[in-house]
Amino acid sequence: MHELECDTSDNDNIAFSPDSKHIAYLNYDNHIEIVSTDDYSQENTIICPNTIQKMIWSPDSKYLMVLMASLNEISIFSISSKYRPKQVSPPSYSISGGYIETERVLWSPTGNNVLLFGINSSQLLLWNIARNTFKRLPTPKSSFKSAVFSNDGNYLAILTRGKAQDVLVILGNDFTPKKSISLSTIDATSLYWSKDNSFIAIPDCKSHYLLQVIDINTENISDYAAYEGFLGIECVGISPNSKIIALGNYDNMIRLRVSAGQGIWRNLEELIHQPTIVHPATVFQQQEGGFANMDKPYNITNIVENATGISRLAWSRDNKFIASCPEKMPNTVFVWDTETITQQVIVLNYPVEDISWSLKSNHLLIGTGTNTLSIWSPSGMSIKYIDDNFRCHAIKWGNNDNLVIIDKQSNMMLPAKFVLDSDTR
């Protein structure tokens, strides 16, 4: 066991490098520790002069960018440099000052530029690191979900506001405007790129049900509204093959929209989360030492009466399964087979803290704030015991089989490798 003490107040305080060779994590004394994922040995320590709000790896895994909001300073450190112990580490690049506080920073896909988001979405600046120059970009409606790079890095989509309506602006990789598309959403603040970069999905605000899907090539807009009135879309999940959009709704349903080609989308299925489970569904109930396959009909008894909506939604890597967590049933995970439209229901002893699919296999890891990790696969359920004093509140993956289990109660993390043994196959 390689338990490491760290600041677990934010999951982003623990980060795999893009090449999955290192883990960087934040300590309370403004130290960033860098360890190898081979043997978890310490490779470097970066000491900053003030409180660290965010740290982000560069796309090539050679640098760490640090935001210190109290100083309004952004520093970039080379991980190949050997910094002196107990001394503030000199950055390779740094900027500070300015009249608008920076709320968020984001690397460009090439690593040559950094996006600087002003507090409360006041402005968006492009910092060219080598030239140390700045360029103003369209102001996003939100600092966190309204400006997103395409997966291939060729475009930056910004959801902004102009002439009393929402507008989607598409910038090329040279950060010049390529498209400007007027939307009919009332007050959208988030956008989602498809994995193949062919379309963008934009849900409207939580009080108005509307999904707009924009074809990047034709600029055709497909509108979808399941119903009228209060409460809209809570979460959006696009399948890895970009063929299906899953919408988690406040009426405890997931609605699936399937691509018919040429920018046309059709209804595929409605996945209803009911507390009474009937045949042919499978129910796994956690018991001492493992899980039991329960008879049907089965009634889920841990119900939060006033809760509604789908709080979590996640696709498996092969597009076949969706895992979801209804807020009304906090101890329950639903796993849906999108080919047969059948469900398997996992009833746990404690509320679900996190769900996370393996990047290489159809294994779903479930953390409930206990010293066990529940694992679902198409063949059934298993339990892994972590440590008597360690609690699993969150799970983070590297690009390989590396993962980190986070204990937010004791401010510890446990790096490990996910191994498919006889109990988890």
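Student: Which residue does lysine 54 form a salt bridge with, and how far apart are the closest N and O atoms?

Tutor: In this predicted model, lysine 54 pairs with aspartate 10 in a salt bridge, and the closest N and O atoms are 2.7 Å apart.

Student: Where do lysine 54 and aspartate 10 sit in the chain?

Tutor: They link distant parts of the chain, 44 residues apart. Lysine 54 belongs to strand 6 (residues 54–57), while aspartate 10 is in the loop between strand 1 (4–5) and strand 2 (14–16).

Student: How many salt bridges does the count come to?

Tutor: The count comes to 10 salt bridges. One of them joins the side chains of lysine 178 and aspartate 174, at 4.0 Å from N to O. Lysine 178 is partly exposed, with a relative accessible area of 48%, and aspartate 174 is partly exposed at 41%.

Student: Which residues are linked in a network of salt bridges?

Tutor: Lys141, Arg161, Asp166 and Asp187 are linked that way.

Student: Okay, switching to the nonpolar side. Which residues touch the most other members of the largest nonpolar core?

Tutor: Ile254, Ile277 and Ile300 do, in a core of 20 residues. At least two residues of this core come from each of strand 23 (244–249), strand 24 (253–261), strand 30 (310–315), strand 32 (332–337) and strand 33 (342–347).

Student: Which strand gives the most to this core?

Tutor: Strand 30 does, with 3 residues.

Student: Back to isoleucine 300: what does it touch, not counting residues up to four places away in sequence?

Tutor: Isoleucine 300 touches Gln274, Pro275, Ile277, Met329, Thr332, Phe334, Val345 and Val347.

Student: How many residues are in the other core that lies apart from the largest one?

Tutor: That other core has 18 residues, among them Cys325, Val333, Val335 and Ile346.

Methods:
Residues numbered from 1 in each chain as written. Predicted model: local features only at pLDDT ≥ 70, side-chain atom pairs only at ≥ 80, totals over all residues. Heavy atoms only, no water. Core = buried A, V, L, I, M, F, W, Y, C linked by side-chain atoms within 4.5 Å. Buried < 20%, exposed > 50% of the residue type's maximum accessible area, 1.4 Å probe, protein only. Helix = DSSP H or I, 4+ residues; strand = E, 2+ residues; numbered from the N terminus. Contact = heavy atoms within 4.5 Å.
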